[in-house]
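Here is a quick tour for someone meeting this structure for the first time. Have a look at the sequence and the model, then read on.

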Amino acid sequence: MFQEKMEKASKTEVSLEDLARNPRCPHGPTVLFKDSVKGKKRKYYSCSAYRDKKTCGFHVDKSSKITPGKRMNWTEQENRFLKHKNHAERYKHFIDFRSSQKQDGFFCQKCEIICDKTGHEDHTITRFSAADLSTPSRILEAKAENKKEAQFFFSESSRDYLLKVVKKTGGTHVLCIGTPTLYEALPGSIKKLFLDIDTRYLGLLSPEQFCWFNMMNFHFFHGDVAKNRLRSFIRSAGSNLTIFLDPPFGGRMELIHHTIQSIQSILEQEMGRGVSKPKLCWIFPYFMERKLKELGLGLEMCEYRVSYINHKEYSGGEGGRNLGSPVRFFTNIPLSSLPLPNADEYKQCTDCGFYVSSTNIHCKECNACTSKDGRPYVHCPDCSRCVKETYVHCADCVRCHLPAFKCKKENEQAEDNADGVTTIKPQAVEKQKSSEQSKKSGKRKYFGSRGRGGNNNKQRGGGGRGGKRRKF
Ligand SMILES: C[S@@+](CC[C@H](N)C(=O)[O-])C[C@H]1O[C@@H](n2cnc3c(N)ncnc32)[C@H](O)[C@@H]1O
Ligand SMILES: [Zn+2]
Ligand SMILES: [Zn+2]
Ligand SMILES: [Zn+2]
Ligand SMILES: [Zn+2]
Ligand SMILES: [Zn+2]
Ligand SMILES: [Zn+2]
């Protein structure tokens, strides 16, 4: 269901050209989207972070005239939004609490500051002990109900696994984007900086620890002061930088990619072009594998299933999905250096040498352990790849899909499936070429799933691991 939604959303095009010159909503520069509703094409600017009208109703038709009056109006809205969110002012309450030496205090969830109860009687207030201040996310109520920010905290085992990954990298500096609980758990020997859109951390973490940030458009709400904080963090990290990201799964990955590139370019500005790329750990659902790989960041999918404490289906435990959490982590750290924990859940395949889920089965045809979701896949000789066992081969589409899937053989030149393998017919290849040409011509446009990717299942051995068979 969620997978379908993500695929549908990906059919909306996103243009990153001149992002900084786009109209601005309270969450920074908006993004130009292109889609079609009932066959009618639309181009419009909309919020990069929030797609629901209630949180950010910004919507401007591309064809409408952008007058100085409109721009002034947007600036006023932005200023109103920023009011009372000064970092030093909010954090002052934290400093005052610390110097009071009190053993416990209150956090007002409405005013987002540490307070004594006076003046906040009608607000939701959380009592905390002084020791809780080292783990601010425990004081905050996770906004899990709230789809827009979708705050799901790592289970203890997943957090511990990610901490092991940090240790394995040997890196000294970790940049946590949307990963508060990992940030909190990092050992004192690691230098760290936390970036997130959640304003509540302004009252619980200092400006040296936290920057209020939108990862969907590389926007620092507190402007250059905060951006320079990231810059100096990157400078001190040099080639020892590791970035962890756990974005909301509905977030457009092209926008997150743009943020990663912006960080990389700061690193190059500071250290020179020869500097090694930061190590990247991007937490995202397994069915986004092909699209993430297309970004060219050299990411491989680690089969570790990332689970969350406050997400019923992704908890990895009782009441969750039968197959466990569909969330994985994608990284440019060699998978060979990241053995998976717990011998019951994972194994090292004796044929291909990869660490995989214990339910994965090695396919001799594909020369890979081909399952993505934990269920064994079956090999389809017509598609020359392994597919979910619920799929059947369809002569009309010349690919495997669910029997209930409505195939649109007339107008569907290329249709992706969730496993990241695309069957492309000749016309679609033309489309793909033209999209690649427009990429080459410098236009930074991203396209939805149609007509993208190549029929590279053979190279990928259906296992989607880039063809290079690595032995551990
Ligand atoms: C799925 S949660 C990840 C939390 C993580 N699992 C942890 O335990 O630390 C997503 C995080 O991204 C943040 N976030 C959501 N949208 C964002 C945006 N546009 N820019 C920056 N952070 C964002 C949320 O506030 C939240 O902290
Ligand atoms: Zn907005
Ligand atoms: Zn209050
Ligand atoms: Zn194998
Ligand atoms: Zn196979
Ligand atoms: Zn079909
Ligand atoms: Zn098939």
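**A first stop: Ser384**

Ser384 counts as partly exposed because it has 15 C-beta neighbours inside 10 Å; the cut-offs are 20 or more other C-beta atoms within 10 Å of a residue's own for buried, 12 or fewer for exposed and anything in between for partly exposed, with C-beta atoms placed from the backbone. What you're looking at is a predicted model, in which local features need pLDDT of at least 70 and side-chain atom pairs count only at pLDDT 80 or more, while totals for chains, interfaces and linings use all residues. Residues are numbered from 1 along each chain as its sequence is written, and chains are lettered from A and ligands numbered from 1 in the order in which they are written.

**The overall picture**

- The protein chain has 11 helices and 28 strands; these are DSSP runs numbered from the N terminus, with helices (H or I) of at least four residues and strands (E) of at least two.
- The protein chain has 472 residues, and 41% of them count as buried.
- Take the contacts between residues at least 6 apart in sequence: 52% of them join residues at least 24 apart. Here, contact means that two C-beta atoms, placed from the backbone, lie within 7 Å.

**Two loop residues with positive phi**

- Back to Ser384: its phi is near 55 degrees, a positive value in a residue other than glycine. You'll find Ser384 in the loop between strand S22 (378-380) and strand S23 (385-387).
- Val398 also has a phi near 55 degrees, again positive in a residue other than glycine. Val398 sits in the loop between strand S24 (392-394) and strand S25 (399-401), and its 13 C-beta neighbours inside 10 Å make it partly exposed.

**A buried loop residue**

- Tyr377 lies in the loop between strand S21 (368-369) and S22. Is Tyr377 buried or exposed? Tyr377 counts as buried, because it has 24 C-beta neighbours inside 10 Å.
- Leaving aside neighbours within four places in sequence, Tyr377 is in contact with Thr370, Ser371, Cys386, Val387, Lys388 and Glu389.
- From Tyr377 to His362 is 15 residues in sequence and 9.3 Å in space, C-alpha to C-alpha.

**Around ligand 1**

- Ligand 1 is surrounded by 22 residues, and the closest are Ala49, Gly178, Thr181, Ile197 and Met215. A residue is near a molecule if its C-beta atom, placed from the backbone, lies within 6 Å of it.
- Helix H6 (180-185) and strand S12 (210-214) each supply at least two residues of this shell, and H6 gives the most, with three.
- The shell has 13 nonpolar, five polar and four charged residues. In that count Ala, Val, Leu, Ile, Met, Phe, Trp, Tyr, Cys and Pro are nonpolar, Asp, Glu, Lys and Arg are charged, and the others, Gly among them, are polar.

- The largest nonpolar core has 99 residues, with Phe244 and Trp282 making the most contacts inside it. Such a core is a set of buried Ala, Val, Leu, Ile, Met, Phe, Trp, Tyr and Cys residues joined through C-beta atoms within 7 Å.
- Helix H8 (residues 253-271) gives this core its largest share, six residues.
- The contacts of Phe244, leaving aside neighbours within four places in sequence, are Leu162, Val174, Cys176, Ile177, Thr179, Leu182 and Cys281.
- H8 has 19 residues and reaches 27 Å from its first C-alpha to its last, close to the 27 Å expected at 1.5 Å a residue; that expected span is 1.5 Å times one less than the number of residues.
- Among the buried residues of H8 are Met253, Glu254 and Leu255.
- Just after H8, Gly272 takes a positive phi of about 95 degrees.
- Val14, in strand S1 (residues 13-15), is 240 residues along the chain from Glu254, yet their C-alpha atoms are separated by 7.7 Å. Val14 is buried, with 21 C-beta neighbours inside 10 Å.

**An eight-stranded sheet**

- Eight strands form an open sheet with mixed pairing, in the order S13-S12-S11-S10-S14-S15-S17-S16. Strands pair if DSSP finds at least two bridges between them.
- Strand S13 (219-220) and strand S16 (300-302) stand at the edges with a single partner strand each, so one side of each is left without a neighbour in the sheet.
- S16 joins strand S17 (residues 327-331) through three bridges, running antiparallel, and Cys302 stands opposite Phe329 in S17.
- Strand S10 (residues 173-177) is largely enclosed by the rest of the structure, because four of its five residues are buried.
- S10 runs parallel to strand S11 (residues 191-196), joined by five bridges; Ile177 has Leu195 in S11 as its bridge partner.
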